[in-house]
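Let us walk through this model together, one piece at a time. Have the sequence and the coordinates at hand as you read.

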Amino acid sequence: MKEVRNIHTGHRQRMKRRFLEYGLENFDDVNVLELLLFFTIPQGDTNPLAHALLDRFGSLNAVLEAGPEELMKVDGIKENAATLLCLIPAISRRYLIGKTPQGEPMDTVAAAGRYLLPYFAYEKDEVVYTLLLDARRRLISCQEVGRGVVNAAEIRARQLVSLVLEKNASYVILAHNHLSGVLVPSREDELTTRQLRSALNLVGVELSDHLIICGSEYVSMRECGMIR
C-alpha cells in the first residue's frame with residue numbers, strides 16, 4: 001500500500017507541475033477532471049472517476065454544467081467534489097462579470113451587449129436582467145429581476161417600476177436568455193415588452209431596448225422594430 005501511495009503522490013505532483021508550467025493546452029478532458037478531483041479526493045487514483053463523469057455526461061462542459069444532485073449520482077462523487085465542480089462555472093462567470101467595462105455609456109446596442117453577455121454565461125435557467133441608466137445613459141445598476149419560466153409580465157412590471165423609482169433611473173434596458181438556442185424574439189417576448197414599456201411610460205421612464213441572449217450572441221428588439 002505504501003508503494004501504491006507513493007506512485008499516486010508522484011503522479012499528482014507531476015500533473016500539478018505540468019499544469020503550472022504549461023497550462024491546460026496539452027491536457028485532455030479526462031486529465032482536467034482528474035486534476036480537479038485531486039483537491040477534493042486526497043488519496044487514490046482519480047482517473048477512473050474522471051472517466052465515469054465523462055461517460056455519464058458526455059463532455060467536460062456538460063460535467064461542469066451539471067447540478068450537484070446529478071453529479072453525486074456518479075459513484076465516488078461526494079458533496080465536496082460536486083461543490084468544487086459546480087464552483088468552476090460560477091467563478092468563471094464572476095470573473096467575466098468583473099472584467100466588463102465600467103463607466104461606458106449604454107448608448108448603443110453593442111455597448112449594452114458587451115456589458116450583459118457575461119451575466120448570462122453558464123446559466124441553466126431563463127433569467128431576466130435590467131440595466132438602470134441615468135439621464136446620460138450611464139449605468140446606475142444591473143440587477144436580476146426574474147428567474148425560471150418568465151411569463152408573469154404583470155408581476156415583473158410592478159417590480160421593475162418599483163426598482164426604477166428607487167434608483168431614480170431615466171432609461172431601462174432589459175435582457176433575457178433563450179435556453180432553446182433560438183435567437184428570434186418570440187410573440188410572448190413582444191407582448192411582455194409592450195406591457196413593461198407601458199408600465200414604465202406611466203412613471204416617465206423609457207424602455208430603451210430588450211436584448212435576447214443566446215450563448216455569445218444577442219439580438220436587439222429595438223433594431224428588430226419591436227420597440228419604437
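**Helix packing around helix 2**

Begin with helix 2 and helix 3 (residues 47-57), which pack at an angle of about 120° with their axes 8 Å apart. Two packed helices are described by the angle between their axes and the distance between the axes. The axes here are lines fitted to C-alpha atoms, for helices over the stretch in contact, and the angles run from 0 to 180 degrees between N-to-C directions. Helices (H or I, at least four residues) and strands (E, at least two) are DSSP runs, numbered from the N terminus. This is a predicted model, in which local features need pLDDT of at least 70 and side-chain atom pairs count only at pLDDT 80 or more, while totals for chains, interfaces and linings use all residues. Residues are numbered from 1 along each chain as its sequence is written, and side-chain values use heavy atoms, with hydrogens and water left out.

How does that angle class the pair? Helix 2 and helix 3 are oblique to each other, given that angles under 35 degrees count as roughly parallel, over 145 as roughly antiparallel, 65 to 115 as roughly perpendicular and the rest as oblique. Their crossing is right-handed; that word applies if the near helix is turned clockwise from the far one by less than a right angle, and left-handed if anticlockwise. On the helix 2 side, Asp29, Val30, Leu33, Glu34 and Leu37 meet Asn47, Leu49, Ala50, His51, Leu53 and Leu54 of helix 3, where contact means heavy atoms within 4.5 Å. By class, this contact has 7 nonpolar, 2 polar and 2 charged residues. Ala, Val, Leu, Ile, Met, Phe, Trp, Tyr, Cys and Pro count as nonpolar, Asp, Glu, Lys and Arg as charged, and the others, Gly among them, as polar.

Leu33, Leu36 and Leu37 of helix 2 make the contact with Ala81, Leu84, Leu85 and Ile88 of helix 6. That contact has 7 nonpolar residues, no polar and no charged ones.

Helix 6 also holds Asn80, which is exposed at a relative accessible area of 56% (buried means under 20%, exposed over 50%, partly exposed in between, with a 1.4 Å probe and protein chains only). Asn80 and Glu21 lie 59 residues apart in sequence and 27 Å apart in space, C-alpha to C-alpha.

Is helix 7 (residues 109-116) mostly covered or mostly uncovered? It is mostly covered, with 6 of its 8 residues buried: Val109, Ala111, Ala112, Gly113, Tyr115 and Leu116. These buried residues pack against strand 1 (127-133), strand 2 (139-147), strand 3 (171-177), strand 4 (206-214) and strand 5 (217-220).

In strand 4 you will find Ser208, which counts as buried at 7% relative accessibility. Leaving aside neighbours within four places in sequence, Ser208 is in contact with Arg137, Tyr171, Val172, Ile173, Arg222 and Ile227. Ser208 and Arg228 are 20 residues apart in sequence and 9.1 Å apart in space, C-alpha to C-alpha.

**The cysteines**

The structure holds 0 disulfides, a disulfide being a pair of cysteine sulfur atoms within 2.5 Å. Cys142 is in no disulfide, and its nearest cysteine sulfur, that of Cys214, is 18 Å away. Cys142 counts as buried at 18% relative accessibility, whereas Cys86 is partly exposed, with a relative accessible area of 23%.
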